[in-house]
Amino acid sequence: MAARRPMSLAAFMNAGPQGTAGWRHPQADPAFLSAGYYTRTARLLEEAVFDMAFIPDALAMPRSLGGSFAPAVQWGTGTPRLDPMAVLGIMAGATTRLGLAATVSTGYHEPFNIARSFATLDHLTDGRTGWNVVTSFQDAEARNFGQDSLPPRGERYARAEEVLQATTRLWDSWGDDTLIADKESGVFGRPEAVESVDYAGAFVKVQGPLSVPRPPQGYPVIVQAGASPAGRDFAARWADVIFCSHESLESGIAFYADMKARAKAHGRDPDQLRILPAATVVVAATREEAIASHKAFEDLVRPEAGLSRLSYHVNVDLSRFDLDGPMPDLPEVGVEGHYREVQEFAAREKLTLREIGKWYGARTEGDMIGSPTDIADRMELWLDSGAADGFMIQAAWVPGSFADFARLVVPELRRRGLVKTAYEGTTLRDHLGLARPMRGAWKSRARREAGAAA
């Protein structure tokens, strides 16, 4: 049997306070508005040979609970959020190998800006960047950009399709061999290797070419987390990495099989799609100590804070419902994956909405509370069951959760040969075992009927 590739490890961390009550933890670093907070965490992750740090983002202060931003400010849920690209620049200067991925919305950014920012950072980091593609999921975001509400999901994905097509074509507008910089002849570059883009779709239009040469990785690593049918199809074509969340191993296995099959149906090598479920690890020397640690953290969570966070994720004001009743059936939600897993868990445990708020604010995705052996056993089970290619480690508090994982779990994973002991390449694609896209690779990923070249 062929040797199994080491699993991928990514770190999920906010550019701001962590989680719902992570900022309250006695060991949490309160300096999330300082550069040192991010450089210290980046160095910790690089020393543990994480493949990448991943920063989520949203373009508004949450207003989903009670139609006001007051709960978000009062409980520290979803705010503040610093610009993730600036934070990645700080982290890049403190590291030499750690991959760096940021969320940028296709709904409220133009292809030229996206292509230029990521190409620039990819050059400055020698090929360590990733772009988490989102379509935005809150009406509050729409209102910050001149809209009364979010467009329908289908329209958001149609725009995202065009943005991906235009952005990848901008990255491809320079050939890999364009620059010569021959001082003697005075020839700086080969103009015949640079192409105009002239992309014109229903939502975006850009002439090009890009003002930055083709990125070292060809395309920065594309991350996506869509769980709806439209999101799954989009991710199966465009994503290099899928970030997902599951409340059971069974749903993880089903999702993994579905996404690999979709990728294959689109003509892609399924092994070139890395699927990383979320794992909120709470680890201690013994299982009993880990359970006590999580209980102490859970005690810090206010139900209102958890409901604020959940309302923000599903883009529905949950305060309109009976808090002592069950989870309501919501026909249209923001992040469908979050809603489905909450619905699954709440029905199984027969939780009221108030109890869901408490649980959601302190939940540990992936059932990873225990000793280093417990955590490694659980991760190995997910890998062997065909539910994961690695994990997106979510810290309950920063940097302590990452430090505990690096100190206690990583040595056990290395003992089992499940993770790398050192970086084997220089780019994020090297770390993840992903091929560098050739110029024009966008053609095999694009949905044929979306967008057109003028």
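Visitor: Which residues form a nonpolar patch on the surface?
Guide: In this predicted model, Met61, Phe69 and Val73 do, with about 260 Å² of accessible area together. A patch takes residues with over 30% relative accessible area and no salt bridge, joining like charges within 9 Å and nonpolar side chains (Val, Leu, Ile, Met, Phe, Trp, Tyr) within 5 Å. A salt bridge is a side-chain nitrogen of Lys or Arg within 4 Å of a carboxyl oxygen of Asp or Glu. Areas come from the Shrake-Rupley method with a 1.4 Å probe, and for residues only the protein chains shown count as cover.

Visitor: Where is Met61?
Guide: Met61 sits in the loop between β2 (52-55) and α2 (70-75). Helices (H or I, at least four residues) and strands (E, at least two) are DSSP runs, numbered from the N terminus.

Visitor: And why is Met61 called partly exposed?
Guide: Because its relative accessible area is 35%; buried means under 20%, exposed over 50%, and partly exposed in between (1.4 Å probe, protein chains only).

Visitor: New topic: how do α4 and α6 cross?
Guide: The axes of α4 (residues 111-124) and α6 (residues 153-171) come within 9 Å and cross at roughly 45°. That makes α4 oblique to α6, the word for angles that are not under 35 degrees (roughly parallel), over 145 (roughly antiparallel) or 65 to 115 (roughly perpendicular). Axes are lines fitted to C-alpha atoms, for helices over the stretch in contact, with angles from 0 to 180 degrees between N-to-C directions.

Visitor: Which residues have a positive phi without being glycine?
Guide: Asp126 is one of them, with phi near 60°, and Ser136 is another, with phi near 75°.

Visitor: Is Asp126 buried or exposed? And Ser136?
Guide: Asp126, in the loop between α4 and β4 (129-134), is exposed at 55% relative accessibility. Ser136, in the loop between β4 and α5 (139-143), is buried at 3%.

Visitor: Where are the cis peptide bonds?
Guide: One joins Gly208 and Pro209, with omega about 0°. Another runs from Val398 to Pro399, with omega near 0°. Pro209 lies in the loop between β8 (205-206) and β9 (221-224), and Pro399 in the loop between β14 (390-394) and α14.

Terms used
Residues are numbered from 1 along each chain as its sequence is written. This is a predicted model: local features need pLDDT of at least 70, side-chain atom pairs count only at pLDDT 80 or more; totals for chains, interfaces and linings use all residues. Side-chain values use heavy atoms; hydrogens and water are left out.
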